[in-house]
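Open the model in your viewer and keep the sequence panel beside it. The stops below tell you what to select next and what is there.

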Amino acid sequence: MQHFPFVLGDFQGAIPDLEEVTRTAPKGTITVESIALTQKAHHRLAHCLFELGRLTDAMKEMETYRSTHGGHQTEAATNLRNKIAKAILAKDGKVTTEPPSTTDSKVLRYEVKVIGHPVSIVKTDTVPRSLCSVYPPEIPTKTFLAQLVKKHHDAIMQQKNWTCWNCRKKAVSLVHTPMSYLHLEEPMVVDFAQPVCVNGGECDKEARKMMDEEMRFATAGGGMNRV
Ligand SMILES: [Zn+2]
């Protein structure tokens, strides 16, 4: 059961207010509260759009909701997302009973962009075909990305004497931020890796903070326009 601050049937009326909240989301200082507030607005907006039958727009909102870096996902949001996805499939008449294949896999391009170094390391791996869709199952995708990063971490670490992205000391580890493009014809994962001097140290924290802001910027729609 979801609780919304407006009565059922007033979905259309609620949209402008919610759009305003998502548009004016703070881009400078990011707090847990501001992330939660923005996410909540996207979630509610998606719900309104869904009720109005604007399924594609609703899914777009859920995508933004989901990609809010540093945000959390509620069960209600996951349920709504599934409901929207099902409605889209039903509408397109593409409901299949095909079980997800786990053995079948596709070739994956894993590209590691090491921040502060003019290097892009490209590895080839495989990805289960069941994850290669526009709306992949969330938990298996996250698990897959975590395993992929872990698998290649040591080799990348040993490839070069990396220096900390922030203070230029010798790096002891890498902070990974993988972005998945598994739905592409040639599935790809782009991993922004930041070498850090101390695990969990200041430069590590800064790296995570910077990536949070990068992601936020990208999801706000401004990421593509920068040089
Ligand atoms: Zn450092």
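Axes here are lines fitted to C-alpha atoms, for helices over the stretch in contact, and angles run from 0 to 180 degrees between N-to-C directions. Helices (H or I, at least four residues) and strands (E, at least two) are DSSP runs, numbered from the N terminus. Residues are numbered from 1 along each chain as its sequence is written. This is a predicted model: local features need pLDDT of at least 70, side-chain atom pairs count only at pLDDT 80 or more, and totals for chains, interfaces and linings use all residues.

**Whole chain.** Start with everything selected. The protein chain has 6 helices and 4 strands. From the N terminus the order is α-α-α-α-β-β-α-β-β-α. Of its 227 residues, 29% count as buried, meaning that 20 or more other C-beta atoms lie within 10 Å of the residue's own; exposed is 12 or fewer, partly exposed is in between, and C-beta atoms are placed from the backbone.

**Confidence.** Colour by pLDDT, the predictor's confidence in each residue, from 0 to 100. The protein chain averages 83, and 84% of the residues score at least 70. Now select residues 1-6: pLDDT stays under 50 there. Residues 97-102 are also below 50. Where pLDDT is low, the predicted coordinates should not be read in detail.

**The α1-α2 loop.** Select I30, in the loop between α1 (11-23) and α2 (32-51). Is I30 buried or partly exposed? I30 counts as partly exposed because it has 17 C-beta neighbours inside 10 Å.

**α3 and α4.** Show α3 (residues 55-66) and α4 (residues 75-92). Their axes come within 10 Å and cross at roughly 145°. From α3, L55, A58, M59, M62 and Y65 make the contact; from α4, A77, L80, R81, I84, A87, I88 and K91 do. Contact means C-beta atoms, placed from the backbone, within 7 Å.

**α5.** Move to residues 138-158. This helix has 21 residues and reaches 31 Å from its first C-alpha to its last, close to the 30 Å expected (1.5 Å times one less than its number of residues). Where does α5 bend? Go to H152, where the bend is about 40°, the angle between axes fitted to the seven residues ending there and the seven starting there. Then pick F144, L145, L148 and I156, which are buried. Their cover includes β1 (105-114), β2 (119-128), β3 (173-181) and β4 (188-196).

Technical notes:
Contact = placed C-beta atoms within 7 Å.
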